[in-house]
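I opened my notebook to look through one structure from end to end.

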Amino acid sequence: MKNINLTMGCLLVVSLLSLNGAPLRDAQTLYQVKCQMCHLSQSPKSKEAYNKMSGPSMNYVIKNLVWGMESEHDDIKPEELKKVSIEFMKDYIFAPDRKKTNCEDVSFDKFGVMPNLKGYITDEELDVVLPWIYDKFKPHKVNGKWEVAK
Ligand code: HEC
């Protein structure tokens with residue numbers, strides 16, 4: 001009986017730990033749990049679904065971010081573009097500010113400024129999820145023209 005109680009106690013502690021505070025290590029899960037509640041991957045086609053969104057779609061956000069970073073840095077190489085885009089996001093997520101934005105006014109009129117995610121996501125988790133988001137949603141240049149991620 002004593003052993004069973006001990007095992008049950010350990011299981012309870014382990015499950016509590018994994019629910020609260022244990023860092024998530026899988027990028028896609030992190031994206032789904034911590035970003036997708038506000039950012040759908042793509043804008044939905046129906047007006048009804050669009051009106052229910054609480055943030056701009058991720059492919060729109062990343063497209064504007066990459067275009068913004070590219071116009072700020074002349075002849076930037078792809079690896080450097082990825083680096084500065086991730087740095088921008090890391091800063092923005094813990095210190096969002098309309099003055100820094102790459103999004104259009106219409107985005108702020110509809111959604112307001114993104115809340116500060118301090119305490120909701122850790123630095124460590126951002127290091128896992130941001131490169132994954134960048135690679136998945138970045139627009140591509142095809143024959144010198146940008147194509148948005150689908
Ligand atoms: C509670 C809702 C919410 C959550 C959760 C959220 N965002 Fe946002 N985010 C917003 C809104 C609203 C905007 C548009 C206004 C703005 O840019 O501040 C936004 C804008 C952004 C931008 C554009 C910044 C700019 O203005 O150039 C990036 C990048 C971004 N989010 C990344 C993320 C990532 C990555 C996550 C998950 C780790 C996340 N967001 C989670 C609501 C959210």
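The entries below go from the whole chain to single residues.

**Entry 1: what kind of model**

I noted at the start that this is a predicted model. I looked up the confidence next. The mean pLDDT of the chain is 87. I found that 85% of its residues reach 70 or more.

**Entry 2: the chain as a whole**

I went through the helices and strands. The chain has seven helices and two strands. Along the sequence I read the pattern α-α-α-α-α-α-α-β-β. I then checked burial. Of the 150 residues in the chain, 14% are buried. Residues 24 or more positions apart make up 51% of them.

**Entry 3: around the ligand**

Which residues are closest to the ligand? I counted 27 residues around the ligand, and the closest are Cys 35, Cys 38, Gly 55, Thr 101 and Met 114. By class, I have 19 nonpolar residues, seven polar and one charged in the shell.

**Entry 4: the nonpolar core**

I turned to the largest nonpolar core, which has 14 residues. The members that touch the most others are Tyr 31, Met 58, Val 61, Ile 62, Leu 65, Val 129 and Ile 133. I traced the core to its elements. At least two residues each come from α2 (27-34), α4 and α7. The largest share, seven residues, is from α4.

Setting aside neighbours within four places in sequence, I found Val 61 in contact with His 39, Pro 56 and Cys 103.

**Entry 5: helix α4**

With α4 giving the core its largest share, I looked at this helix on its own. Does its length agree or disagree with what 1.5 Å a residue predicts? The 15 residues should span 21 Å, and the end C-alpha atoms are 21 Å apart, so the two agree.

Next I listed which residues of α4 are buried. They are Met 58, Asn 59, Tyr 60, Val 61, Ile 62, Leu 65, Val 66 and Met 69. I looked for what covers them, and the cover includes α5 and α7.

**Entry 6: Val 148**

I went on to Val 148, in the segment after β2 (145-147). Why is Val 148 partly exposed? Val 148 has 14 C-beta neighbours inside 10 Å, and partly exposed covers counts between the exposed limit of 12 or fewer and the buried limit of 20 or more.

I then checked what Val 148 meets across the chain. Leaving out neighbours within four places in sequence, Val 148 is in contact with Asn 59, Lys 63 and Pro 139. I also took the distance to Tyr 60. Val 148 and Tyr 60 are 88 residues apart in sequence, and their C-alpha atoms are 8.3 Å apart in space.

**Entry 7: Ser 107**

I found Ser 107 in helix α6. Ser 107 counts as partly exposed because 19 other C-beta atoms lie within 10 Å, and buried would need 20 or more. I checked Ser 107 against Gly 55, a residue 52 places away along the chain. Their C-alpha atoms are separated by 8.0 Å.

**Entry 8: two positive phi angles**

I looked up backbone angles last. Asp 75 is not a glycine, yet has a positive phi of about 50°. I placed Asp 75 in the loop between α4 and α5. With 6 C-beta neighbours inside 10 Å, Asp 75 counts as exposed.

Asn 143 also has a positive phi of about 50° and is not a glycine. I placed Asn 143 in the loop between β1 (140-142) and β2. Is Asn 143 buried or exposed? Asn 143 is exposed, because 5 other C-beta atoms lie within 10 Å.

Terms used:
Residues numbered from 1 in each chain as written. Predicted model: local features only at pLDDT ≥ 70, side-chain atom pairs only at ≥ 80, totals over all residues. Near = placed C-beta within 6 Å. Nonpolar A, V, L, I, M, F, W, Y, C, P; charged D, E, K, R; others polar. Core = buried A, V, L, I, M, F, W, Y, C linked by C-beta atoms within 7 Å. Helix = DSSP H or I, 4+ residues; strand = E, 2+ residues; numbered from the N terminus. Contact = placed C-beta atoms within 7 Å. pLDDT = per-residue confidence, 0-100. Expected span 1.5 Å × (residues − 1).
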